[in-house]
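Please look over the protein shown here.

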Amino acid sequence: ATWLPPNREFRCEYVARQITVKSTYGLWLTLAEHDAMARVLDTCPAQPAGNASALDTGGPGAPDTSAYYASCAAVRAAGAAPISSGQPGYSATLDGDDDGSACE
């Protein structure tokens with residue numbers, strides 16, 4: 001996580017801002033970035049984290065989180081639409097009719 005600021009006291013606020021920006025503009029996360037953000041947020045539970053649901057790591061059988069899209073507009077902009085269950089970036093929140101295919 002070389003992108004984190006060296007000032008450890010600012011990291012919670014910095015990560016929260018990153019999440020807000022990524023969520024607002026529909027930007028995706030790499031798995032390494034996702035994991036680093038989750039580690040930082042674990043150290044600061046009082047920090048509001050924007051759309052922290054972007055960091056939901058799930059449990060066994062969780063979807064591939066190597067990509068994240070905040071909206072179907074972001075999926076389309078990335079050229080990934082439609083996106084199916086099991087594909088990187090798929091989220092049930094993007095699948096309005098719950099048929100396993102989102103942003104169709």
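The text below starts with the overall layout and then turns to details.

## Ground rules

This is a predicted model, in which local features need pLDDT of at least 70, side-chain atom pairs count only at pLDDT 80 or more, and totals for chains, interfaces and linings use all residues. Residues are numbered from 1 along each chain as its sequence is written, and side-chain values use heavy atoms, with hydrogens and water left out.

## Overall layout

The protein has 3 helices and 2 strands. Helices (H or I, at least four residues) and strands (E, at least two) are DSSP runs, numbered from the N terminus. Read from the N terminus, the order is α-α-α-β-β.

Of the 104 residues, 34% count as buried. Buried means under 20% relative accessible area, exposed means over 50%, and partly exposed lies in between (1.4 Å probe, protein chains only). Contact means heavy atoms within 4.5 Å. Among contacts between residues at least 6 apart in sequence, 42% join residues at least 24 apart.

## Helix α2 and its partner

Helix α2 covers residues 31-42, which makes 12 residues. From first C-alpha to last, α2 reaches 16 Å, close to the 16 Å expected at 1.5 Å a residue. The expected span is 1.5 Å times one less than the number of residues.

Which residues of α2 are buried? They are Glu33, His34, Ala36, Met37, Ala38, Val40 and Leu41. Their cover includes α1, residues 11-25.

Two packed helices are described by the angle between their axes and the distance between the axes. The axes of α1 and α2 come within 9 Å and cross at roughly 135°. Axes are lines fitted to C-alpha atoms, for helices over the stretch in contact, and angles run from 0 to 180 degrees between N-to-C directions. α1 and α2 are therefore oblique to each other. Angles under 35 degrees count as roughly parallel, over 145 as roughly antiparallel, 65 to 115 as roughly perpendicular, and the rest as oblique. The crossing of α1 and α2 is left-handed. That label applies if the near helix is turned anticlockwise from the far one by less than a right angle; clockwise gives right-handed.

Where do the two helices meet? On the α1 side are Arg11, Cys12, Val15, Gln18, Ile19 and Lys22. On the α2 side are Glu33, Met37, Val40 and Leu41.

Take Val40 in helix α2. Val40 is buried, with a relative accessible area of 9%. Leaving aside neighbours within four places in sequence, Val40 is in contact with Leu4, Arg11, Cys12 and Val15. Val40 and Tyr14 are 26 residues apart in sequence and 9.7 Å apart in space, C-alpha to C-alpha.

## The disulfides

A disulfide is a covalent bond between the sulfur atoms of two cysteines. Here the term is applied to a pair of cysteine sulfur atoms within 2.5 Å. The structure holds 2 disulfides.

| Pair | Sulfur to sulfur | Torsion about the S-S bond |
|---|---|---|
| Cys12 and Cys44 | 2.3 Å | about -115° |
| Cys72 and Cys103 | 2.1 Å | about -80° |

The S-S torsion of Cys12 and Cys44 is about -115°, so this disulfide is left-handed. The pair links distant parts of the chain: Cys12 is in helix α1, and Cys44 is in the loop between α2 and α3 (72-77), 32 residues apart. Both Cys12 and Cys44 are buried.

The S-S torsion of Cys72 and Cys103 is about -80°, so this disulfide is left-handed. This pair also links distant parts of the chain: Cys72 is in helix α3, and Cys103 is in the segment after β2 (101-102), 31 residues apart. Cys103 counts as buried at 5% relative accessibility.

With the bonded cysteines numbered in sequence order, the pairing is 1-2, 3-4.

Most residues other than glycine have a negative phi, and most peptide bonds are trans. What kind of peptide bond joins Ala81 and Pro82? The bond is cis, with omega about -10°. Pro82 is found in the loop between α3 and β1 (83-84). At 46% relative accessibility, Pro82 counts as partly exposed. Not counting residues up to four places away in sequence, Pro82 touches Gln87, Ser101, Ala102, Cys103 and Glu104.

Phi of Cys103 is near 60°, a positive value in a residue other than glycine. Asp98 has a positive phi too, near 55°. Asp98 sits in the loop between β1 and β2 and counts as exposed at 63% relative accessibility.
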